[in-house]
Amino acid sequence: RPYDPEAAFENTIARDQRIEPRDWMPDAYRATLVRQIAQHAHSEIIGMQPEGEWITRAPSLRRKAILFAKVQDEAGHGLYLYSAAETLGADRTELTERLIDGGQKYSSIFNYPTRTFADVGVIGWFVDGAAICNQVPLCRTSYGPYGRAMVRVCKEESFHQRQGYELLLTMMRGTDEQRAMVQDAVDRWWWPSLMMFGPPDDDSPNSARSMAWRIKRHSNDQLRQRFVDMTVPQAEKLGVTLPDPDLRWNDGRGHHDFSAPDWEELKRVVSGDGPCNAERIARRRAAHEEGAWVRRAAAAHADKRKARLRE
Ligand code: 3HC
């Protein structure tokens, strides 16, 4: 029988094996992976801004060093993921231009302001905690380079989550004012963190195909539930209340019941109308323009080296 690339692709997915860059793949499989990996990379790079604002204002050298290391990790995750997107034939300059022009998305969570240093702790606890829930299954995604990139990223995310939680534990052992700062940050970041997992399953246009191709291993709602179940005991240990009066353990389900996030808010923030969207994109555009000379110099240096090797 002549080799049938489509059957080979379907067979590889059905056997829970990896699709590699040189394998045949449907155009739509390639396109949805470039879409998701590029937006994942954009999220990491934009995600450097909210916390980065606190590097110069951290309360101690130790906190500054930890925050600096974390923001550097996010940059590395972004570059890792742009490299994974390039294995699919994407070009990172073009992806960056699409981010800046609004042609591609980044996670809604990074469009909220970081008002106090407690926000740095809550971002570590909630946002990196949510990232772990979302990224651990992605270590087993069907596209090889993406899954392998996730293994390294997840190791660093657990440091991000733990440093945030430890920061909050320290503040909760401090003054009433510090405890109030932590509770205020929890109140502001809880609902946007639940929205990070995406719209509800019955309003998630990409999920069915992503699940069929084993790109996505669990649905948006399943991972959101996993995050809520993981976070409730941590909130109790910390001594903060999560801002949802309907949040309670449901013995019958073996999970916590919780209220639905405001999906209209998610739609507004994703479409550009969040508190910090304009500022985040303006900063990214400025960084890209100010860095143009570095890219030109690196390209000229690479050309010179190639010319020398040809001599
Ligand atoms: N913010 C922005 N856009 C969102 C979103 C959010 N919170 N949730 C969903 N969307 C977008 C989707 O990208 C899609 O738009 P598109 O078709 O133009 O790409 C649309 O809303 C519909 O959502 P779907 O559920 O149909 O889309 P997906 O199947 O792609 O699921 C996802 C969305 C769960 C975010 C999935 O893309 C995913 O798992 N991505 C990889 C992880 C990721 O990007 N995480 C973002 C947070 S950054 C991070 O975790 C790093 C850490 O350091 C903080």
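The text below treats the ligand site, then the aromatic pairs.

The model is predicted, so local features need pLDDT of at least 70, side-chain atom pairs count only at pLDDT 80 or more, and totals for chains, interfaces and linings use all residues. Residues are numbered from 1 along each chain as its sequence is written, and side-chain values use heavy atoms, with hydrogens and water left out.

The shell around the ligand holds 33 residues, a residue being near if one of its heavy atoms lies within 4 Å. The closest are Q39, K105, S204, N206 and K216. By class, the shell comprises 13 nonpolar, 13 polar and seven charged residues; Asp, Glu, Lys and Arg count as charged. Helices α2 (27–46), α6 (118–138), α7 (144–172) and α11 (263–270) each supply at least two residues of this shell, helices being DSSP runs (H or I) of at least four residues.

| Residue | Protein atom | Distance |
|---|---|---|
| E157 | side-chain N or O | 3.0 Å |
| S204 | side-chain N or O | 2.7 Å |
| P205 | backbone N or O | 3.2 Å |

Taken alone, the ligand exposes 1,000 Å², of which the protein buries 88%; accessible areas come from the Shrake-Rupley method with a 1.4 Å probe.

Twelve aromatic pairs are counted, with ring centres required to lie within 6.5 Å. The rings of F9 and W24 are edge-to-face because their planes stand at 85°, with centres 6.0 Å apart; planes over 60 degrees apart receive that label. F9 belongs to helix α1 (residues 5–14), whereas W24 lies in the loop between α1 and α2, 15 residues apart, and the pair thus links distant parts of the chain.

Notes
A polar contact is a pair of N or O atoms within 3.5 Å; within protein, one must be able to donate a hydrogen and the other to accept it, and residues adjacent in sequence count only if both atoms are side-chain atoms. Rings of Phe, Tyr and Trp (its six-membered ring) pair if their centres lie within 6.5 Å; planes under 30 degrees apart count as stacked, over 60 as edge-to-face and the rest as tilted.
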